[in-house]
Amino acid sequence: MRFFFYGTLLMPETNPVARRLHARLEPGTPALAYGRLFALPDPEGWYPAFCPDEGGTPVHGQLFAALGTFAAADLAALDTYEDYRPGRPEASEYVRQAIAVTAPDGVHRAQAYCYNRALPPRAEPIPEGDFAAWLA
């Protein structure tokens with residue numbers, strides 16, 4: 001299984017969920033997906049919202065592949081972190097879906113957490129498609 005991460009899951013040094021899960025993933029490689037990226041306000045800071053659209057602009061992230069130690073419990077932990085409820089996608093803030101991701105070695109299908117609600121009024125577009133750069 002492959003994953004495309006574009007935001008807080010790329011920050012294992014400050015995100016304990018990412019730190020635990022990165023131990024069960026191959027090292028990431030730079031990758032692009034196409035769509036729209038936004039920063040959403042939160043009392044603890046900002047977090048990203050990716051809306052896939054093959055006609056959109058490049059969104060920067062990394063492509064990861066699961067190691068043999070990656071288990072169903074790890075996928076469940078990712079889903080919980082992203083507020084994705086597989087049995088109730090309509091009640092989920094994000095949905096996990098397969099998207100096309102372009103990496104240096106070609107195009108891959110990868111699971112990405114895509115925003116599943118109307119954007120809040122204070123959502124900030126990130127036209128450059130790079131959440132970490134926008135935060136800096």
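Q: What share of the contacts in the chain between residues at least 6 apart in sequence join residues at least 24 apart?
A: The share is 65%. Contact here means heavy atoms within 4.5 Å.

Q: Where do these values come from?
A: This is a predicted model: local features need pLDDT of at least 70, side-chain atom pairs count only at pLDDT 80 or more, and totals for chains, interfaces and linings use all residues. Residues are numbered from 1 along each chain as its sequence is written, and side-chain values use heavy atoms, with hydrogens and water left out.

Q: How many helices and strands are there in the chain?
A: The chain has 3 helices and 7 strands. Helices (H or I, at least four residues) and strands (E, at least two) are DSSP runs, numbered from the N terminus.

Q: And in what order do the elements run from the N terminus?
A: The order is β-α-β-β-β-α-β-β-β-α.

Q: What about the radius of gyration of the chain?
A: The chain has 14 Å, which agrees with the value near 14 Å for a compact globule of 136 residues. The radius is taken over C-alpha atoms, and the globule rule is 2.2 Å times the number of residues to the power 0.38.

Q: What box do the C-alpha atoms fill?
A: Roughly 40 × 30 × 30 Å, taken along the principal axes.

Q: How much of the chain counts as buried?
A: Of the 136 residues, 42% do. Buried means under 20% relative accessible area, exposed over 50%, and partly exposed in between (1.4 Å probe, protein chains only).

Q: Which lining residues are closest to its centre?
A: Thr8, Trp46, Tyr47, Pro48 and Tyr81, out of 18 lining residues. Strand S1 (2-5) and strand S3 (45-52) are the elements that give two or more residues. S3 gives the largest share, 4 residues.

Q: What classes are in that lining?
A: There are 10 nonpolar, 3 polar and 5 charged residues. Ala, Val, Leu, Ile, Met, Phe, Trp, Tyr, Cys and Pro count as nonpolar, Asp, Glu, Lys and Arg as charged, and the others, Gly among them, as polar.

Q: And what volume for the second largest pocket?
A: About 170 Å³. Its lining includes Tyr6, His60, Gly61 and Asp130. Strand S4 (57-65) and helix H3 (131-135) each supply at least two residues, and S4 gives the most, with 3.

Q: Is glycine 61 buried or exposed?
A: Glycine 61 counts as buried because its relative accessibility is 12%. Glycine 61 is in strand S4. Leaving out residues up to four places away in sequence, glycine 61 touches several residues, including Phe4, Leu10 and Pro30.

Q: Last one: how many disulfides are there?
A: The count is 0. A disulfide is a pair of cysteine sulfur atoms within 2.5 Å. The nearest cysteine sulfur to that of cysteine 51 is that of cysteine 114, 8.0 Å away.

Q: Why does cysteine 114 count as buried?
A: Because its relative accessibility is 1%. Cysteine 51 also counts as buried, at 12%.

Key: On a 1 Å grid over the protein atoms alone, a cavity is a set of points where a 1.4 Å probe fits but cannot get out, and a pocket is an open set with protein on both sides within 12 Å along at least five of seven lines; lining residues have an atom within 4 Å of a point. Grid points are joined across faces, edges and corners, and a volume is the space filled by probe spheres set on the points.
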